[in-house]
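Good morning, everyone. Please have a look at the model on the screen, and keep the sequence beside it.

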Amino acid sequence: MLLERIEGAAAVLDDEVRFAESALGLCRFVNNAGVVATELGVAADIGEVLYEGAVPRRKLERIYTSALTLAAPELLSQMGMGMGMGEENATADAPEAVAGGGLGTGTMMGPRL
């Protein structure tokens, strides 16, 4: 599943809207994978899970940095510097913030790539 999610994100990396949707799915997967393994009682049997597909390293780095860029408004908000979505400074073409794709989840994705 990790392979599918990463390759899906790589395929739409240059389309901001489609990438945001794909990155959200990837972030949700990374965020939920540990919980699912724990609930199934197999967390101790699972080692480190890394991507071993055909996407080149530079593109993987772009996926990671682009996902962090999507999470930047959350980071700024946590620092007291951000504007809430829908306020007068929000641009009309900015992708909407989506639950499950925040800064913490974005940073968790890095070691997988």
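Start with R57 and E61. Both sit in helix α3, four residues apart, which is about one turn of the helix. Helices here are DSSP runs of H or I with at least four residues, strands are runs of E with at least two, and both are numbered from the N terminus. In general, an α-helix has 3.6 residues a turn, so residues three or four places apart point the same way. R57 and E61 form a salt bridge, with the closest N and O atoms 3.7 Å apart. A salt bridge means a side-chain nitrogen of Lys or Arg within 4 Å of a carboxyl oxygen of Asp or Glu. Side chains of opposite charge can pair when their charged atoms come close.

How open are these two residues? R57 counts as exposed because its relative accessibility is 51%. E61 is partly exposed, at 40%. The cut-offs are these: buried is under 20% relative accessible area, exposed is over 50%, and partly exposed is in between, with a 1.4 Å probe and protein chains only.

A word on where this comes from. This is a predicted model, in which local features need pLDDT of at least 70, side-chain atom pairs count only at pLDDT 80 or more, and totals for chains, interfaces and linings use all residues. Residues are numbered from 1 along each chain as its sequence is written, and side-chain values use heavy atoms, with hydrogens and water left out.

How many salt bridges does the structure hold? Two. D14 is exposed, with a relative accessible area of 70%. R62 is partly exposed, at 37%.

Stay with R62 for a moment. Leaving out residues up to four places away in sequence, R62 touches L13 and D14. Contact means heavy atoms within 4.5 Å. R62 and L13 are 49 residues apart in sequence, yet their C-alpha atoms are 8.0 Å apart in space.

Now step back to the whole chain. The protein chain has four helices and zero strands. From the N terminus on, the order is α-α-α-α. Of the 113 residues, 26% are buried. Take the contacts between residues at least 6 apart in sequence: 81% of them join residues at least 24 apart. The accessible surface comes to about 7500 Å², and 54% of that belongs to carbon and sulfur atoms. Those areas come from the Shrake-Rupley method with a 1.4 Å probe; for residues, only the protein chains shown count as cover.

Next, helix α2. It covers residues 16–39, and its 24 residues should span 34 Å at 1.5 Å a residue; the end C-alpha atoms are 34 Å apart, so the two agree. The expected span is 1.5 Å times one less than the number of residues. Where is the kink in α2 centred? On N32, with an angle of about 35°. The bend at a residue is the angle between axes fitted to the seven residues ending there and the seven starting there. After α2 comes G41, whose phi is positive, near 75°.

Several residues of α2 are buried, among them F19, A20, S22 and L26. S22 counts as buried because its relative accessibility is 18%. Beyond its neighbours within four places in sequence, S22 is in contact with R5, G8, A9 and V12. A20 is buried too, at 14%. The C-alpha atoms of A20 and A9 are 8.6 Å apart, and the two residues are eleven apart along the chain.

F29 is also in α2. Is F29 buried or partly exposed? Partly exposed, because its relative accessible area is 21%. F29 touches M1, L2 and R5, again not counting residues up to four places away. Its C-alpha is 7.6 Å from that of L2, 27 residues away in sequence.

Last, the core. The largest nonpolar core has 14 residues, and those with the most contacts inside it are I6, F19, L26, Y51, V55, L60 and I63. Helices α1 (2–11), α2 and α3 (57–78) each give two or more residues to this core. A nonpolar core is a set of buried Ala, Val, Leu, Ile, Met, Phe, Trp, Tyr and Cys residues joined through side-chain atoms within 4.5 Å.
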